[in-house]
Amino acid sequence: PLAPAVKNFTLNFTITNLQFNADLQNPNSRRFKSTEKVMYHYVSLANNALLGHSSLSNSHLLPSLAHFAYPHNRDDTGIDAMCSSRDEPSDPKFNRTTVYHELSKMTNGITQLGHYSLNSQSLYVNG
């Protein structure tokens with residue numbers, strides 16, 4: 001049998017209680033590494049919650065890395081989380097609208113991710 005097709009997509013959102021600075025642009029900095037580790041943890045928790053409590057299958061939302069971006073407000077930090085979805089023949093097809101709504105529910109209306117506060121207008125699923 002053929003291997004399942006892999007589709008890459010990004011999750012973009014803005015954290016309002018993490019001030020962006022130059023360290024977040026340097027992958028070798030302590031701040032970048034620690035923030036990346038925390039983001040990976042939260043995106044992984046989101047993944048597990050989505051898989052266990054939603055209509056999404058276990059082939060969706062496999063996070064790989066985060067990129068920190070300078071948003072319009074320097075008091076905030078933009079997050080670009082790279083994810084993948086495997087389309088297994090028996091699973092529902094990837095649907096970015098479903099991912100968006102499930103993430104919205106699990107982040108209290110796109111307001112909270114762990115101890116981070118989110119801009120409620122910032123979540124975007126591109127894929």
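In helix H2, the residues Val99, Glu102, Leu103 and Ser104 are buried, where buried means under 20% relative accessible area, exposed means over 50%, and partly exposed lies in between (1.4 Å probe, protein chains only). The structure is a predicted model, in which local features need pLDDT of at least 70 and side-chain atom pairs count only at pLDDT 80 or more, while totals for chains, interfaces and linings use all residues. Residues are numbered from 1 along each chain as its sequence is written, and side-chain values use heavy atoms, with hydrogens and water left out.

**Overall build**

- The protein chain has 2 helices and 6 strands, and from the N terminus on these elements follow the order β-α-β-β-α-β-β-β; helices (H or I, at least four residues) and strands (E, at least two) are DSSP runs, numbered from the N terminus.
- Of the 127 residues of the protein chain, 41% count as buried.
- The protein chain exposes about 7,200 Å², of which carbon and sulfur atoms supply 51%; such areas come from the Shrake-Rupley method with a 1.4 Å probe, and for residues only the protein chains shown count as cover.
- Among contacts between residues at least 6 apart in sequence, 69% join residues at least 24 apart, a contact being heavy atoms within 4.5 Å.

**Nonpolar core**

- The largest nonpolar core holds 23 residues, and those that touch the most other members are Leu11, Phe13, Ile15, Met39 and Phe68. E1, H1, E3 and helix H2 (96-106) each supply at least two residues of this core. A nonpolar core is a set of buried Ala, Val, Leu, Ile, Met, Phe, Trp, Tyr and Cys residues joined through side-chain atoms within 4.5 Å.
- Leaving aside its neighbours within four places in sequence, phenylalanine 68 is in contact with Phe20, Leu24, Phe32, Thr35, Glu36, Met39, Thr77, Gly78 and Ile79.
- Cysteine 83 belongs to strand E3 (residues 77-87) and is buried, with a relative accessible area of 2%. Although cysteine 83 and threonine 10 are 73 residues apart in sequence, their C-alpha atoms are 5.7 Å apart in space.

**Cavities**

- A search of the whole structure finds 2 cavities of 30 Å³ or more, and about 110 Å³ of space lies in the largest cavity. Of the 11 residues that line the largest cavity, Phe13, Leu103, Thr107, Leu113 and Leu123 are the closest to its centre.
- On a 1 Å grid over the protein atoms alone, a cavity is a set of points where a 1.4 Å probe fits but cannot get out, and lining residues have an atom within 4 Å of a point; grid points are joined across faces, edges and corners, and a volume is the space filled by probe spheres set on the points.
- Strand E1 (5-15) and helix H1 (30-52) each supply at least two residues of the lining of the largest cavity, and H1 gives the most, with 3 residues.
- The lining of the largest cavity divides into 10 nonpolar residues, 1 polar and no charged; Ala, Val, Leu, Ile, Met, Phe, Trp, Tyr, Cys and Pro count as nonpolar, Asp, Glu, Lys and Arg as charged, and the others, Gly among them, as polar.

- Asparagine 108 lies in the loop between H2 and strand E4 (112-113), and its phi is near 50 degrees, a positive value in a residue other than glycine. Asparagine 108 is exposed, with a relative accessible area of 55%.
- Isoleucine 110 is placed in the loop between H2 and E4, and has a positive phi of about 60 degrees although it is not a glycine. At 4% relative accessibility, isoleucine 110 counts as buried, whereas asparagine 108 is exposed.

Note on methods. 1 Å grid on protein atoms, 1.4 Å probe; cavity = no way out; pocket = protein on both sides within 12 Å on 5 of 7 lines; lining within 4 Å.
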